[in-house]
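Please keep the sequence and the model in view while reading.

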Amino acid sequence: MAMLLGKKVGMTRVYDEAGKLVPATVVQAGPCVVTQIKSIESDGYNAVQIGFDDMKPSRRKKPMIGHSHKASTVPKRFVREIRFPDKSVPEANLGDSMTVADFSDIQRVDVVGTSKGKGFAGVMKRHGFGGFPASHGCERKHRAPGSIASHCSNAGTGPGPKKGKRMAGHMGAVRVTSKNLALLSVDPERNLLVVKGVVPGAAGSYCVVKSAK
Amino acid sequence: MKTELLEAVAGKSLKKDIPYFEIGDTVDVHCRIQEGNKVRTQIFSGTVISRKGRGINEMFTVRRIVNNEGVERIFPIHSPNVLDVVATRSGKARRAKLYFLRDRSGKATRLPQRHSKHTIAR
């Protein structure tokens, strides 16, 4: 499975073969460096740790500098693991570089990112509730959630509303996976992946691009 | 940095040489139209009343009168379906957007002719 760490650059549009204008998200992915190889013997599972986006060694604490030094590289801002099944041994060496070239024959990808934070949002925005009429005598409750429980609906099962009742609260800024997005093009020169549609997060935020299952 | 990368991606969809025309020109727009399996070329002719946007988002508007009814079509200049834009008559226009033509009818919709080198007489 191909996997790379990247940064969302932004969105634009491109023409496909049929001459249709399709929305595209540009992700600057890699080059990623293999910073650690985990094995069943030493760590209990097989994985390869990769890092993306160099940072100044002076900004990192010494253990982290030493960790990346083992892979003869500088500390990375964004580090993630690629898990391998227990039986297979990952074919990677410390300090190996991974680039978008791995994606050259891949058609569809999953992109994992952190969605934009929306703050404390009401139920209409957060859960798509319908709200109440703007007029016809409706007063001071146009975007209210309505009744959250009753003795009847909960059948006297206990105090308070049901667990998981959808209410207002913090929205966004969570891990989101956009699945099965078409990979429109790969630019090995600029380390770019062009993905059809939208990718979670703001421009400049980190994301993980994997080949779709 | 960000814009450069985005332009590099969108730049691959841009046409190398886009035909030259000006606001107020009467143009023939050659559009590629797919009907089932057949591909044919349709010509939409009218006056260019606006041109806006940059890069891949650049669009131009062509207005003509069909059966006493104004018809406007907006074309993306870089679309592969816009095969060619041929300027056939140059019109004198003193502004960049000729939206005032929408309020006119009959003979008043014609712009005074300007003799220009880029037009190709039909």
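Contact here means heavy atoms within 4.5 Å. By that rule, 17 residues of chain A are in contact with 18 residues of chain B. This is a predicted model, in which local features need pLDDT of at least 70 and side-chain atom pairs count only at pLDDT 80 or more, while totals for chains, interfaces and linings use all residues. Residues are numbered from 1 along each chain as its sequence is written, chains are lettered from A and ligands numbered from 1 in the order in which they are written, and side-chain values use heavy atoms, with hydrogens and water left out.

The extent of the interface can be given as buried area, the accessible area (1.4 Å probe) that two parts lose on being put together, summed over both. Between chain A and chain B this area is about 1,400 Å², and carbon and sulfur atoms give 65% of it. Of the area that chain A buries against chain B, 42% is supplied by Val9(A), Arg13(A) and Tyr15(A), more than by any other three residues.

A salt bridge is a side-chain nitrogen of Lys or Arg within 4 Å of a carboxyl oxygen of Asp or Glu. One salt bridge is counted between chain A and chain B. Lys12(B) and Asp187(A) meet through their side chains in a salt bridge, at 3.8 Å from N to O. On the side of chain A that touches chain B, at least two residues each come from strand S1 (3-15), strand S2 (21-29) and strand S11 (192-196) of chain A; strands are DSSP runs (E, at least two residues), numbered from the N terminus. S1(A) gives the largest share of that side, seven residues.

The interior may be described through its nonpolar cores. A nonpolar core is a set of buried Ala, Val, Leu, Ile, Met, Phe, Trp, Tyr and Cys residues joined through side-chain atoms within 4.5 Å. Buried means under 20% relative accessible area, exposed over 50%, and partly exposed in between (1.4 Å probe, protein chains only). The largest core has 29 residues, and Leu5(A), Ile50(A), Phe103(A) and Val109(A) have the most contacts inside it. Apart from this core lies another, of 18 residues, which includes Val27(B), Val48(B), Leu98(B) and Leu101(B). When neighbours within four places in sequence are left aside, the residues in contact with Leu5(A) include Ile50(A), Phe52(A), Phe78(A), Val79(A) and Cys207(A).

Over all chains, a search of the whole structure finds eleven salt bridges. In one of them, Glu81(A) pairs with Lys38(A), and the closest N and O atoms are 2.6 Å apart. This pair links distant parts of the chain, 43 residues apart: Glu81(A) belongs to strand S5 (residues 76-84) of chain A and Lys38(A) to strand S3 (residues 32-38) of chain A. Glu81(A) is partly exposed at 28% relative accessible area, whereas Lys38(A) is buried at 14%.

Another pair is Glu139(A) and Arg140(A), whose closest N and O atoms are 3.9 Å apart. Glu139(A) is exposed, with a relative accessible area of 52%, and Arg140(A) is exposed at 74%. In chain B, Glu58(B) forms a salt bridge with Arg51(B), at 2.8 Å between the closest N and O atoms. Glu58(B) counts as buried at 14% relative accessibility, and Arg51(B) as partly exposed at 25%. Salt bridges that share partners also join Asp187(A), Arg190(A) and Lys12(B) into one network.

Terms used:
Helices (H or I, at least four residues) and strands (E, at least two) are DSSP runs, numbered from the N terminus.
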